[in-house]
Amino acid sequence: MSAPVSAPAHAPEHLPAGGPTAAELLDFALRTAADAAIVASLPLDPEGRTWIRLDGPGGSEAWLIGWPPGTGTGWHDHAESRGAFATARGRLTEHSLTVRLPSEGWKSLELAPDVDRHRTLAAGSGRAFREHHVHEVLNESQAEHAVSVHAYYPPLPLIRRYSRSGPVLSLEHVERPADWQ
């Protein structure tokens with residue numbers, strides 16, 4: 001497990017200033033999710049998620065992800081990266097928080113009532129989000145794989161993983177790109 005470390009407040013110098021907006025990332029994710037050839041290129045595993053790195057727009061990081069039945073991400077955020085995802089096949093469920101959490105200096109927080117949101121994203125639908133968006137994404141189907149396209153800008157400096165017990169959200173660990181690439 002890695003210890004939490006602050007990510008740079010700015011994108012690396014080799015990336016375009018500003019980069020793609022969350023709406024542009026969503027447009028990319030929706031267009032890519034509608035491309036049957038790209039979606040079919042992903043090998044699916046009956047027991048674990050699979051992924052392929054894609055070329056995202058404007059220096060963004062993008063992924064095609066396969067979700068076996070009953071799998072999910074657990075609670076996490078993408079730090080200083082904004083992003084979007086779109087469902088290409090199946091149906092995904094997103095649970096998210098409506099509040100922005102402090103980016104550092106805490107280990108456990110008690111969440112106020114009414115901060116939870118829930119949405120279902122069927123094939124052909126997607127959503128964009130801002131920096132520090134805390135969520136979990138699930139394939140709640142017991143029989144069908146789901147496939148989705150995700151894009152982030154700037155490329156993910158880290159992912160913070162959380163556990164949740166009722167209203168208490170606890171920071172568990174921080175992943176770096178070397179952990180998933």
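The model is predicted: local features need pLDDT of at least 70, side-chain atom pairs count only at pLDDT 80 or more, and totals for chains, interfaces and linings use all residues. Residues are numbered from 1 along each chain as its sequence is written, and side-chain values use heavy atoms, with hydrogens and water left out. The chain contains two helices and 12 strands; helices (H or I, at least four residues) and strands (E, at least two) are DSSP runs, numbered from the N terminus.

**Overall architecture**

- Along the sequence, the elements follow the order α-α-β-β-β-β-β-β-β-β-β-β-β-β.
- The radius of gyration of the chain is 16 Å, which agrees with the value near 16 Å for a compact globule of 181 residues. This radius is taken over C-alpha atoms, and the globule rule is 2.2 Å times the number of residues to the power 0.38.
- Taken along the principal axes, the box filled by the C-alpha atoms is roughly 45 × 40 × 30 Å.
- Among contacts in the chain with a separation of 6 or more, 77% are between residues 24 or more positions apart; contact means heavy atoms within 4.5 Å.

**Surface and charge**

- Of the 181 residues, 46% count as buried. Buried means under 20% relative accessible area, exposed means over 50%, and partly exposed lies in between (1.4 Å probe, protein chains only).
- The accessible surface comes to about 8,900 Å², and carbon and sulfur atoms hold 53% of it. Accessible areas come from the Shrake-Rupley method with a 1.4 Å probe; for residues, only the protein chains shown count as cover.
- There are 16 positive and 22 negative side chains, and the centres of the two sets are 3 Å apart. Lys and Arg count as positive and Asp and Glu as negative, while His and the chain ends are not counted. The place of a charge is NZ of Lys, CZ of Arg, CG of Asp or CD of Glu.

**Nonpolar cores**

- In soluble globular proteins, nonpolar side chains tend to be buried together. A nonpolar core is here a set of buried Ala, Val, Leu, Ile, Met, Phe, Trp, Tyr and Cys residues joined through side-chain atoms within 4.5 Å.
- The largest such core has 17 residues, and Leu64, Val147 and Val149 have the most contacts inside it.
- At least two residues of this core come from each of helix H1 (22–33), strand E2 (61–67), strand E4 (82–89) and strand E10 (146–153). H1 gives the most, with five residues.
- Another core, of 13 residues, lies apart from it and includes Leu121, Val137, Leu156 and Ile159.
- Beyond its neighbours within four places in sequence, Leu64 is in contact with residues including Ile38, Leu42, Trp51, Ile52, Leu54, Val147 and Val149.

- Ser96 lies in strand E5 (residues 91–97) and counts as buried at 4% relative accessibility.
- Setting aside neighbours within four places in sequence, Ser96 is in contact with Trp75, Val115, Asp116, Arg117, His133, Val134 and His135.
- Leu101 is located in the loop between E5 and E6, and its relative accessibility of 7% makes it buried.
- Not counting residues up to four places away in sequence, Leu101 touches Trp106, Leu109, Leu111, Val134, Tyr162 and Leu169.
- Leu101 and Asp77 are 24 residues apart in sequence, and their C-alpha atoms are 9.8 Å apart.

**Loop glycine**

- Gly72 belongs to the loop between E2 and strand E3 (76–77) and is partly exposed, with a relative accessible area of 33%.
- Residues up to four places away aside, Gly72 touches Arg49, Trp67, Val137 and Leu138.

**Backbone features**

- Asp114, although not a glycine, has a positive phi of about 65 degrees. Asp114 is in the loop between strand E6 (108–110) and strand E7 (116–122) and counts as exposed at 68% relative accessibility.
- His132 is likewise not a glycine and has a positive phi of about 65 degrees. His132 is found in the loop between strand E8 (126–129) and strand E9 (135–138), where it is buried, with a relative accessible area of 5%.
- Tyr153 and Pro154 are joined by a cis peptide bond with omega of about -10 degrees; Pro154 is in the loop between E10 and strand E11 (159–165).
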